[in-house]
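Here is a short tour to read with the model open beside you.

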Amino acid sequence: MPSPDVGFLLLPLPGFALLPFGGFLDKLRFSADDEDHSRQRYCRWRILGLTPEERVTASCGVEVTTQATARELDWSRYQYLVIFGGREAGQTRRLTPRYRALLRLARAHGLSLASVDNACFLLAEAGLLAGHRVAVHWRHAREFATAFQHISMTTEQLYLLDGKRISCAGGSAAIELATELLARHCGRERALKGLADMLVDEARTPGQRPNSLDGGSGVGRHLGRALALMRQYLGTAMTVKELAERMGLGRRQLDRLFMAHFGHPARAHWQELRLQHLAWRLLHSHHDLALLAEEVGIRDTGYLGKVFKRRFGLTPVQYRRQRTPSARGYPDQDGSS
């Protein structure tokens, strides 16, 4: 059997998302062998953990058993350490003391460090992203920008390769990242192998904007651009008039587009996006309301609490207490309930 062209160490963090992990791993499997035999002929991989046969629980409750620890590895056989982030960015940051030594060991052995989803928070907290640019999921962008103001980030790319630091926004984009890395070592033809079986029509380029940032299908070019800008500037004081001017439209023209498609004006839709984001962050972070208010660009917490209760029937504190995932029995990032 020929020696594999490239090796990957996969490091799932507690509470990792199963979609990017499974997508990345299955892309390796398809490209690793001829036909569909799943042998590690052209690329190799192992699931890395801190302790032997560690059981790491995904956000959906599925458990993955790790295959190797740092002590038993021949590091020369691997070129990439791919880290899959946990459910909450804040809790991923708090994992840094547990994983810092492993990350630095991988760097010392010359491996490229690739973060998927919010694993970029772990690398940033460990001081391993200084001087690098990072692709961040739009939902985590404001939190990342606030926590790591010295690190350049973008929400406009699916993944970003910056020397020995690689980042991926998460989701199905992990398949594209795996395809790109395989192409660099195994050739484009082998890298694309299996995409049809995975029902992936074509590999998107790293600089391609996520389709979800364009407002979805069926909304039209102007409305899609407006929705993308609303998400991009969710935490700023930009007005609807300024947003319309940026698009080359009048305020009334923009409102007519929103009324025709959603039945309410642009300002109401922007507030709904902010309230939906706040609701999501209440369930997936431990930050207080003052910090989350900055993330959604409504810094008056008293006013924010009132509009939130009007929308959801609960105050932000009540909403978090009654509906937070950890209260429903899901594992926390450190593995406890």
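Two strands pair if DSSP finds at least two bridges between them. Helices (H or I, at least four residues) and strands (E, at least two) are DSSP runs, numbered from the N terminus. With that in hand, look at strand 10, where Cys168 is the bridge partner of Tyr159.

This is a predicted model, in which local features need pLDDT of at least 70 and side-chain atom pairs count only at pLDDT 80 or more, while totals for chains, interfaces and linings use all residues. Residues are numbered from 1 along each chain as its sequence is written, and side-chain values use heavy atoms, with hydrogens and water left out.

**Overview**

- The protein has 14 helices and 10 strands.
- Of its 337 residues, 51% count as buried, where buried means under 20% relative accessible area, exposed means over 50%, and partly exposed is in between (1.4 Å probe, protein chains only).
- Contact here means heavy atoms within 4.5 Å. Among contacts between residues at least 6 apart in sequence, 65% join residues at least 24 apart.

- Six strands make up an open sheet with mixed pairing, in the order 2-1-5-6-10-9.
- Strand 2 (43-47) and strand 9 are the edge strands, each pairing on one side only.
- On average, neighbouring strands of this sheet are turned by 15° against each other, direction ignored. Axes are lines fitted to C-alpha atoms, for helices over the stretch in contact, and angles run from 0 to 180 degrees between N-to-C directions.
- Strands of a sheet pair through backbone hydrogen bonds, either parallel or antiparallel.
- Strand 9 (residues 159-162) and strand 10 (residues 165-168) run antiparallel and are joined by four bridges.
- These two strands form a hairpin with two residues between them, and Gly163 in the turn has a positive phi of about 65°.
- Helix 1 (residues 18-32) lies across strand 1 (6-12), strand 2, strand 5 (80-84) and strand 6 (112-116), and runs at about 145° to strand 2.

- Helix 8 (residues 221-232) packs against helix 10 (residues 251-262) at an angle of about 100°, with the axes 10 Å apart.
- The two are therefore roughly perpendicular to each other; angles under 35 degrees count as roughly parallel, over 145 as roughly antiparallel, 65 to 115 as roughly perpendicular and the rest as oblique.
- Helix 8 makes this contact with His222, Leu223, Ala226, Leu227 and Met230, and helix 10 with Leu254, Leu257, Phe258, His261 and Phe262.
- By class, the contact has eight nonpolar, two polar and no charged residues. Here Ala, Val, Leu, Ile, Met, Phe, Trp, Tyr, Cys and Pro count as nonpolar, Asp, Glu, Lys and Arg as charged, and the others, Gly among them, as polar.
- Which residues of helix 9 (residues 240-247) are buried? They are Val240, Leu243, Ala244 and Met247.
- These four cover an arc of only 100° around the axis, which puts them on the same side of helix 9; the arc is that of the directions from the helix axis to the C-beta atoms.
- The cover over the buried residues of helix 9 includes helix 8, helix 10 and helix 11 (266-283).

- Leu181 sits in helix 6 (residues 173-186) and is buried, with a relative accessible area of 0%.
- Leaving out residues up to four places away in sequence, Leu181 touches Phe8, Phe24, Tyr80, Leu161 and Ile166.
- The C-alpha atoms of Leu181 and Val6 are separated by 9.0 Å, although these residues are 175 residues apart along the chain.
- Glu295 lies in helix 12 (residues 289-295) and counts as buried at 4% relative accessibility.
- Again leaving out residues up to four places away in sequence, Glu295 touches Arg142, Glu143, Leu234, Gly235, His277 and Arg281.

**Positive phi without glycine**

- Ser38 is not a glycine, yet has a positive phi of about 65°. Ser38 is found in the loop between helix 1 and strand 2 and counts as partly exposed at 29% relative accessibility.
- Asp117, also not a glycine, has a positive phi of about 60°. Asp117 belongs to the loop between strand 6 and helix 4 (119-125) and is buried, with a relative accessible area of 15%.
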